[in-house]
Amino acid sequence: VRVGPGGEAAAQLSAERKERFRVLATAQLPRLYGLARRLVGDDAEDAVQDCLLKAYRGYGRLGDEAAAPAWLTSILVNCCRDRGRARARHPAEVDLDRVDEFSLYRKIADEDPFPYSDSLHLDFLHQFGADDVHAVLASLPGRYRIPLVLTYMDGWATKEVARMMNLPLGTVLAQLHRGRKLFESRLWDYAETHGLLKEPIR
Amino acid sequence: VITCAEAVRQLWEYLDGVTDQAQSAAIEEHLSLCRRCCGEAEFAAELRTFLAAHADHDIPPDVHARLLGALGHIADQP
C-alpha cells in the first residue's frame, strides 16, 4: 500500500479510526445523498460513492472531527463538479442580459396569473412541487446551481461555500447573484410551459 | 438615498448578512421609503424559505442499503 505525500495514509488508519470514519460517514449519508440529488440528479448515488472513497483515503488528514460535515460536503461538491464537467460538453446557452434585468416579483405582479388571489406571490410559489423545483434547478448550469443549492437549500454560509468550491468569495457572490436571477427566470418559464399558471398569460 | 435598482441588486446579500454596515443602512433607509422594494424584499425572503423547504434529505431504502454496503466495503480496505 502506497503512502501519499503530506499526510497519513489510509494504511495507517487504526481499527478505531476506521470505525469512527464509518460512524461519521453513516450519520452524514442522508444529508450527502440529498445534496447530491440536488447537484447531479440521477448520478447522486455514484457521486456519494466517489465521495466516500475519497474521504476514506483522505481521512488521516482530517484534524478536527467537528469539521467533518463541511469536509465531506467539500469532497462531495468536487465529485459532483467532476461529474458535471464530464457530462456538460455543450452547456446550455444563458442569456445573461435578459436574466440580469429579470424580477420574478415584478413579473408575477405584472402578469397577475391569479386575479382573485390576495397572496399572489405565495400562490405562485405554491404551484411548485418538489419535482418541479428539482427540474428547474437541474436546468441551471453547474456554476450557478452549486452555490445556490449550498447556500439556500443546505444552509452553508457564503464564505464556507467559497472554501468548498475553492473560489474567491467575490466570485461566489457574483455566481449567487446570477444564479438567483436565473432561477427566478426559469421558475417563471417552467410555470408557463408546465401549466402551473391557472389562466393563460395574455 | 440609493435607487430601487441598487436596493434590489443588494437585497439578497443584505438578507444573507454579507453587506457591510453602510450598505445595510442604505438598504434599510430605502426600504423604509419604498413600498415596491418592500414587496421585493418580502418576496426574496419567501423565495429563500421556499428553497430551504425543498431541501429534503430523504434517501430511498434501497439506495441507503447500497451506500451502507459500499461504505462497509471501503472502510474494510487497509
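Predicted model: local features only at pLDDT ≥ 70, side-chain atom pairs only at ≥ 80, totals over all residues.
Local features are reported at pLDDT of at least 70 and side-chain atom pairs at pLDDT 80 or more, whereas totals for chains, interfaces and linings use all residues. Residues are numbered from 1 along each chain as its sequence is written, chains are lettered from A in the order in which they are written, and side-chain values use heavy atoms, with hydrogens and water left out.

The contact (heavy atoms within 4.5 Å) draws on 43 residues of chain A and 35 residues of chain B. About 3700 Å² is buried between the two chains, 69% of it on carbon and sulfur atoms; buried area is the accessible area (1.4 Å probe) that two parts lose on being put together, summed over both. Six residue pairs are in polar contact across the interface, both residues being at pLDDT 80 or more. A polar contact is a pair of N or O atoms within 3.5 Å; within protein, one must be able to donate a hydrogen and the other to accept it, and residues adjacent in sequence count only if both atoms are side-chain atoms. Helices that each supply at least two residues to the side of chain A touching chain B include α1 (15-40), α2 (44-58) and α10 (169-193) of chain A, where helices are DSSP runs (H or I, at least four residues) numbered from the N terminus. The largest share of this side, 11 residues, comes from α1(A).

Side chains of opposite charge can pair when their charged atoms come close. With a salt bridge taken as a side-chain nitrogen of Lys or Arg within 4 Å of a carboxyl oxygen of Asp or Glu, the count over all chains is 17. Five salt bridges cross the interface of chain A and chain B; Glu40(B) and Arg106(A) form a salt bridge with an N to O distance of 3.6 Å.

Within helix α1 of chain A, Glu16(A) and Arg20(A) lie four residues apart, about one turn of the helix, and their side chains meet in a salt bridge at 3.3 Å, N to O. Glu16(A) is exposed at 56% relative accessibility, while Arg20(A) is partly exposed at 36% (buried, under 20% relative accessible area; exposed, over 50%; partly exposed, in between; 1.4 Å probe, protein chains only). A network of salt bridges links Glu16(A), Arg17(A), Arg20(A) and Glu65(A). In chain B, Asp62(B) and Arg66(B) form a salt bridge with their closest N and O atoms 3.8 Å apart.
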